[in-house]
Amino acid sequence: MKSRLFSAAILIIIMAVLIFFCHVPLVLNLFVALLSAAALYEVLIVTKYVESKALISISMIFASVIPFISEISHLVEPLGLHFELGNALFVLIFIYAVILFLTLLFSYKSYSLEHLSVVFLMSVVIPCFLSTIVFAHRLTGDRWNIVLIILCAWASDSGGYIFGRLFGRHKLTPKISPKKTVEGAIGAIFASVGACAILAYCVDVFIPSITVNYIALVVLTFIGGFCAMFGDLVASLIKRSFGVKDFGKLIPGHGGIMDRFDSVLFVAPFMYISMTMFPVFIGNL
């Protein structure tokens with residue numbers, strides 16, 4: 001428990017520093033790139049589908065480039081190339097898919113289509129979903145959108161853990177994650193909404209330039225709490241499928257990078273998509 005709390009404190013400090021410096025060009029992109037590459041590496045190692053260091057390196061490079069996709073689009077404009085965000089992303093995915101199929105064609109005895117399909121899925125989903133943190137920063141509310149995403153996911157994790165230990169009686173998904181309970185899931189939703197509501201109220205009171213849409217806040221964080229649990233269950237399903245307890249040991253008491261950010265994986269894209277239509281924080285710092 002002590003190592004878990006200590007690691008949690010260090011992670012909170014790191015996120016606080018990131019939020020403070022997120023307006024510095026490329027800082028947020030670099031953080032998400034490192035996060036995506038580390039999470040992807042852990043997943044690929046756990047699956048044991050890729051023994052080639054070259055293929056792992058290519059996949060990690062692809063994952064690291066995705067968070068910079070918007071900046072890359074702007075860089076090529078002087079060359080007369082104009083790419084919308086979606087088109088630029090499609091180009092990168094196309095190139096990566098060609099590389100994987102070439103690998104299958106020339107190394108069909110070493111790799112199966114099933115293996116490379118899992119590699120492709122993880123290599124696209126992880127960086128694309130996490131990169132929505134970068135995109136959310138550009139919406140109205142800027143850095144507070146990032147805080148909301150992380151807080152929604154981590155409060156759901158903490159609420160589910162605490163309520164599950166205190167009141168857990170009925171198993172939620174015994175075959176996938178035996179320790180998760182219905183009571184813990186209810187606590188996760190309440191913790192997600194409650195923590196984010198406190199954050200929003202503080203922002204509303206202490207930062208005059210920002211107003212809060214409380215209806216959007218409650219609805220988004222309520223659904224976001226479910227997204228956090230869904231991400232956690234997906235990660236548990238992957239681990240159970242390959243017979244491992246954690247994705248890694250980098251974070252004492254928590255496991256690997258993916259173990260700590262699995263809940264963020266589905267919260268981030270949901271919140272980004274939703275906030276483009278229903279902004280929670282109206283105004284900028």
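Me: Which helix gives the largest share of the lining of the second largest pocket?
Reply: In this predicted model, the second largest pocket has a volume of about 600 Å³, and of the 22 residues that line it, the closest to its centre are Ile12, Leu151, Trp154, Ala155 and Ser158. H1, H8 and H9 each supply at least two residues of this lining. The largest share, 9 residues, comes from H8.

Me: How do the residues of the lining of the second largest pocket divide into nonpolar, polar and charged?
Reply: The pocket in question is the one with a volume of about 600 Å³, and its lining draws at least two residues from each of H1, H8 and H9. Sorted by residue class, the lining of the second largest pocket holds 17 nonpolar, 2 polar and 3 charged residues.

Me: Which residues are the closest to the centre of the largest pocket?
Reply: The largest pocket has a volume of about 1000 Å³. Its lining takes at least two residues from each of H8, strand S2 (177–181), helix H9 (182–206), helix H10 (214–241) and helix H11 (257–277). Of the 32 residues that line the largest pocket, those closest to its centre are Ser177, Lys179, Lys180, Asp232 and Ser236.

Me: How many residues of the lining of the largest pocket are charged?
Reply: The lining of the largest pocket includes 9 nonpolar residues and 10 polar ones. The remaining class in that division, the charged residues, numbers 13.

Me: How many aromatic pairs are there, and which residues form the one that is stacked at 4.5 Å centre to centre?
Reply: The count comes to 9 aromatic pairs. One of them is stacked, with 4.5 Å from centre to centre and 10 degrees between the planes, and is formed by Phe62 and Tyr96. Because Phe62 lies in helix H3 (residues 53–65) and Tyr96 in helix H5 (residues 85–106), this pair ties together parts that are 34 residues apart in sequence. The count asked for is therefore 9, and the residues are Phe62 and Tyr96.

Me: Is Tyr96 buried or exposed?
Reply: The cut-off for buried is under 20% relative accessible area. Tyr96 has 2% relative accessibility, and so the residue counts as buried.

Me: Which residues form one aromatic cluster with Tyr96?
Reply: Phe62, with a relative accessible area of 7%, is buried. Tyr96 and Phe120 form an aromatic pair that is stacked, at 6.1 Å centre to centre and with 15 degrees between the planes. Since Tyr96 lies in helix H5 and Phe120 in helix H6 (residues 113–130), that pair ties together parts that are 24 residues apart in sequence. The residues that form one aromatic cluster with Tyr96 are Phe62 and Phe120.

Me: Is Phe120 buried, partly exposed or exposed?
Reply: Partly exposed residues fall between the buried limit, under 20% relative accessible area, and the exposed limit, over 50%. Phe120 has a relative accessible area of 28%, and therefore it is partly exposed.

Me: What is the phi of Leu26?
Reply: Leu26 is found in the loop between helix H1 (2–21) and helix H2 (27–47), and at 45% relative accessibility it counts as partly exposed. Leu26 is not a glycine, yet its phi is positive, at about 75 degrees.

Me: How far apart in space are Asn87 and Thr173?
Reply: Asn87 lies in helix H5 and counts as partly exposed, at 45% relative accessibility. Asn87 and Thr173 are 86 residues apart in sequence, and their C-alpha to C-alpha distance is 39 Å.

Me: What is the radius of gyration of the protein chain?
Reply: The protein chain has 11 helices and 4 strands, and its C-alpha trace spans about 60 × 50 × 30 Å along the principal axes. For 285 residues, a compact globule would have a radius of gyration near 19 Å, and the value for the protein chain agrees with this, at 20 Å.

Key. Residues numbered from 1 in each chain as written. Predicted model: local features only at pLDDT ≥ 70, side-chain atom pairs only at ≥ 80, totals over all residues. Heavy atoms only, no water. Buried < 20%, exposed > 50% of the residue type's maximum accessible area, 1.4 Å probe, protein only. Phe/Tyr/Trp six-rings, centres within 6.5 Å; stacked < 30°, edge-to-face > 60°. 1 Å grid on protein atoms, 1.4 Å probe; cavity = no way out; pocket = protein on both sides within 12 Å on 5 of 7 lines; lining within 4 Å. Points joined across faces, edges and corners; volume = space filled by probe spheres on them. Nonpolar A, V, L, I, M, F, W, Y, C, P; charged D, E, K, R; others polar. Rg over C-alpha atoms; globule rule 2.2 N^0.38 Å.
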